Amino acid sequence: MSQVLKFPAKLQNQAFKCLAVANATKTKVEADKSENCHKVSLTIEPGVEIIGSGPICKYLIDIESSLDLNAQSVVIQWISFVDSELSPYPPGSKQMAKSLGCLEGALSKNKYISSSNFSAVDILVGFPLLSLPPQVCSPYPNLSTWLAEVRKEAKPFSEQLLTGKPSEQGEKTANKSKKDGKANKGKVVEKKIALRKLRILCIHGYRQNGKTFREKLGSFRKLVGKHAELEFVTAPHIIPSDNPEEQDQYGWWFSQSSKSFDAHEDSTCELGFSESVRTVEEALEKGVDGAQYDGVFAFSQGAALAAHLCVLQQTGKLNSSFKFCILVAGFVSRTLQHRATFEGLQEAGESVSIPTLHVFGDTDKVIEKEMSEDLLQFFASPDVIGHLGGHFVPATGEHKKGFNVFLEKMQQLYS
């Protein structure tokens, strides 16, 4: 039986993207434009259906070849980039300009998005941009050259696009529309499969422990409780202090042999660092209730450690694994041998490929915004939440939505 792509006319741009990816992967897919459906869906076989252009394109790319874990992560990150950084924003907006600038930077280093040759991933990312007015992309020479090739390789579907913004909003709006009981009578109704909660290991900051970090994250735990279960690990090194109010405080490593730590201090001391790496490796290996962790959430010094673990995993030097990472007030450790590990990754032409979310505050006086921004260069396609506050995990206001958007994507990919 042939695979059938169904879509309404108002979502034809998203459908054409799927068809162009199918064409690039040499996968036979029949198109069925019908006003009786409200979403883009791919029927693989009777009773088996994939909903949404992003998941459909991921499926088509996966069946083309057996990609390794890193390659699959790259595809996932580019799908996330399209969904969160391109689709929601209109041409001419500051966010769109920022996203196009990010693509321009990536294409200044490599001719294509994910490999040395043109691939279906280039169509996945570039196809939504083909509907933009030419003047929007013209300031970006590398992007414009690349899009010209995407347009050529995506024919005949690129010639049938409706122009406007590169949005999946029609698809999202259709997904939100209320079901009309009478209209659905006698039709197959899509069954929504409940996604399991993600299992996340949380790594606290300096002068905290697992218990105090859990308490500080009360609002955050409530915010993400629908999507994730959080477990906490405590660093192996107690911070010495004669102050009765500073007992039971722990750190992941010390930048001085006197067992103190300064995030701004250039040092060759990494006292306790290797023990902490082993502590987190063991926690990841142990998992929770017999199941492995999906991801890591880390704060401040813990986020610096987690970022380092991301690099170790990318280079095959970590004795455990995780699929995504959230770094709040993260930074590159100024211990010289730690910085060298990050720079070695760059010199090898690599970057961390797992999905990551980076969160930092404009007025953070402990880990300044610039330190967290410096960390971004070592990640392939980082999602970012910037807030106006200081050294804390934002769990209220407009920024809280960003956490759940990211976690929802991770649920769809890994649960």
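This is a predicted model: local features need pLDDT of at least 70, side-chain atom pairs count only at pLDDT 80 or more; totals for chains, interfaces and linings use all residues.
Residues are numbered from 1 along each chain as its sequence is written, and side-chain values use heavy atoms, with hydrogens and water left out.

Helix α4 (residues 94–109) packs against helix α7 (residues 141–153) at an angle of about 80 degrees, and their axes lie 8 Å apart. Helices (H or I, at least four residues) and strands (E, at least two) are DSSP runs numbered from the N terminus; axes are lines fitted to C-alpha atoms, for helices over the stretch in contact, with angles from 0 to 180 degrees between N-to-C directions. The two helices α4 and α7 are therefore roughly perpendicular (65 to 115 degrees; under 35 counts as roughly parallel, over 145 as roughly antiparallel and the rest as oblique). In this contact (heavy atoms within 4.5 Å), L100, L103, E104, L107 and S108 of α4 meet P141, N142, L143 and W146 of α7. The residues of the contact comprise six nonpolar, two polar and one charged (Ala, Val, Leu, Ile, Met, Phe, Trp, Tyr, Cys and Pro count as nonpolar, Asp, Glu, Lys and Arg as charged, and the others, Gly among them, as polar).

Across the whole structure, 13 aromatic pairs are found (rings of Phe, Tyr and Trp, the last by its six-membered ring, with centres within 6.5 Å; planes under 30 degrees apart are stacked, over 60 edge-to-face and the rest tilted). The pair of Y112 and F118 is edge-to-face, with ring centres 5.8 Å apart and planes at 90 degrees. Y112 is buried at a relative accessible area of 9%, whereas F118 is partly exposed at 21% (buried, under 20%; exposed, over 50%; partly exposed, in between; 1.4 Å probe, protein chains only). Y206 and F261 form a tilted pair, 5.3 Å centre to centre with 45 degrees between the planes. Y206 lies in the loop between β5 (198–203) and α10 (210–216), and F261 in the loop between β8 (250–251) and α12 (273–286), so the pair ties together parts 55 residues apart in sequence. Y206 is buried at 19% relative accessibility, and F261 is buried at 18%. One aromatic cluster is formed by F213, F220, F232, F297, F299 and F403.

F392 is located in the loop between β12 (383–387) and α16 (400–414) and is partly exposed, at 40% relative accessibility. Not counting residues up to four places away in sequence, F392 touches F299, V328 and H387. The C-alpha atoms of F392 and G361 are separated by 8.0 Å, although these residues are 31 residues apart along the chain.
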